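Here are some notes for a colleague who has not seen this structure before. They are set out as numbered points and can be read alongside the model.

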Amino acid sequence: MIQAPLGTSDILPGELARWRRVEAAAHDLMARFGYQEIRTPMFEFTSLFVRSVGDTTDIVEKEMYTFDAGSTESVTFRPEFTASVVRAYLEHNLHKQRPFQKLYYLGPSFRRERPQKGRSRQFHQFGVEALGSGDPWVDVETILVADAFFAGCGLSGTSIRLNSLGCPECRPRYRDAVRAALEPDRGRLCENCRRRFDRNVFRILDCKAPACHAIAEKVPAIGDSLCDRCRSHDRTVRDGLDASGLKGRWSPDTRLVRGFDYYTKTVYEFTAPNLGSQNAVGGGGRYDNLIAELGGPALGAVGFAIGLERTLIALAAQEKAGETPNDPTVDVYVVTVEPGPVSRAAAFSLATDLRRAGLSVDLDFEDRSMKSQMRTANRFNAAIVCILGPDELARGVVNCKSMSEGTSESIPRGEAAARLPDRVAAARRATPAVASKE
Ligand SMILES: [Zn+2]
Ligand SMILES: [Zn+2]
């Protein structure tokens, strides 16, 4: 038996209702906030990610799915979307039509990580990129969007960690301060962090190894090193969050650095309760130099990415979800009384007419007893069951039973397609509980 590769998963019919709810929440929200969808290819030239994400990051050093595409340059399955979105923005001159563009995306990304709960090698992200503005209020807006998304999914209790990473003017000062603070304990850092010390010292601040965690406590906060512009930007974001109803929901976290080189100024992360140490469900920040680094004009930008698998795990943890319903919901289930080809043909023809009338319909194909067909109709949450027995077939009628009202009526077979849509609607109205079962 061939199985799916490690770190990938199938999304089965029983889980898809949740996925589609979360995706619908994203699309609805984006319309409300004025973001437009963009779809970019799943793979790009490798150099795009090396230049944007950064060649000393974990992602580029060891997690990319890179392959040789024959005659062309090496290509890589996208480990994230931001670089692709910025590339497309520049390649299609979107910035010349209108420099400020608010875009969003939804789709799979790929990283060769050690698979664990909530961390797959193919995972799905929803994210926004507000390109072409340096205004701190745009940072605030993206945080509000992410917050509204989690609320729209029904996830409660999320909190926001916020930090500033400074800019090319003030960050070198902070880098020196971090190195100076870590230098005495350099030999006690974990192997990864000893390597990071010269190459990417900020990543030591969010290392999960207990020894590194303790050592990093001694590192001064970046606040003291920020230049005036970064300090004032940071203050506007903090005040903006408070003024927008998020007071008490966010907290400063000077160890938040995020795993990408391109971030400047604001960075933030959303965490959800009940997820243990892997509690981040999404995050983002400002990247004021990336557009220029990828060959465009000097324009600021800010965005976030949310992990959909993580969000769904957080939702499941919240609901302590029991069984996931694995059954379709139909308007009408057609039940036959006698097995055999005559009943089957009549049931199939009725189902076809009703489907053409816009109803969702299913029927038995296994010659099961009437009782077990009725059980299936119940499991499928059918509003109406159409019963075709020998008597109905002989008289050219359909016995239509409303499952919620418990009533039955005989409808001429020729009128079924015209009359049943109204009967279904009436039966659904009679049972609000049925409609909300999903
Ligand atoms: Zn600065
Ligand atoms: Zn470490």
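**Notes on the predicted model**

1. Taken over C-alpha atoms, the centres of domain 1 and domain 2 are 49 Å apart. Domain 1 is made of two stretches, 13-170 and 226-319, while domain 2 covers 332-426. Please keep in mind that this is a predicted model.

2. Helix α10 spans residues 228-246, and its buried residues are Cys230, His233, Asp234, Val237, Gly240, Leu241 and Leu246. Viewed down the axis of α10, these buried residues fall within an arc of 130 degrees, so they line one face of the helix. The face turned away from that buried side carries Asp228 and Ala243, which are exposed.

3. What do the buried residues of α10 pack against? Their partners are α6 (136-153) and the strands β7 (159-164), β8 (250-252), β9 (264-271) and β10 (280-286). After α10 comes Gly248, which has a positive phi, near 85 degrees.

4. His95 sits in helix α5, residues 94-97. Is His95 buried or exposed? Its relative accessibility is 13%, so His95 counts as buried, the cut-off for buried being under 20%. Not counting residues up to four places away in sequence, His95 touches Tyr89, Leu90, Pro297 and Leu299.

5. Thr407 belongs to the loop that joins β15 (397-402) and β16 (408-412). Its relative accessible area is 38%, so Thr407 is partly exposed. Which residues is Thr407 in contact with, leaving aside its neighbours within four places in sequence? They are Cys400, Lys401, Ser402 and Arg423.

6. A last point concerns a distance along and across the chain. Thr407 and Asp288 are 119 residues apart in the chain, and 66 Å separate their C-alpha atoms.

How values were computed: Residues numbered from 1 in each chain as written. Chains lettered and ligands numbered in written order. Predicted model: local features only at pLDDT ≥ 70, side-chain atom pairs only at ≥ 80, totals over all residues. Heavy atoms only, no water. Domains from an automatic or database assignment. Buried < 20%, exposed > 50% of the residue type's maximum accessible area, 1.4 Å probe, protein only. Helix = DSSP H or I, 4+ residues; strand = E, 2+ residues; numbered from the N terminus. Arc of directions from axis to C-beta. Contact = heavy atoms within 4.5 Å.
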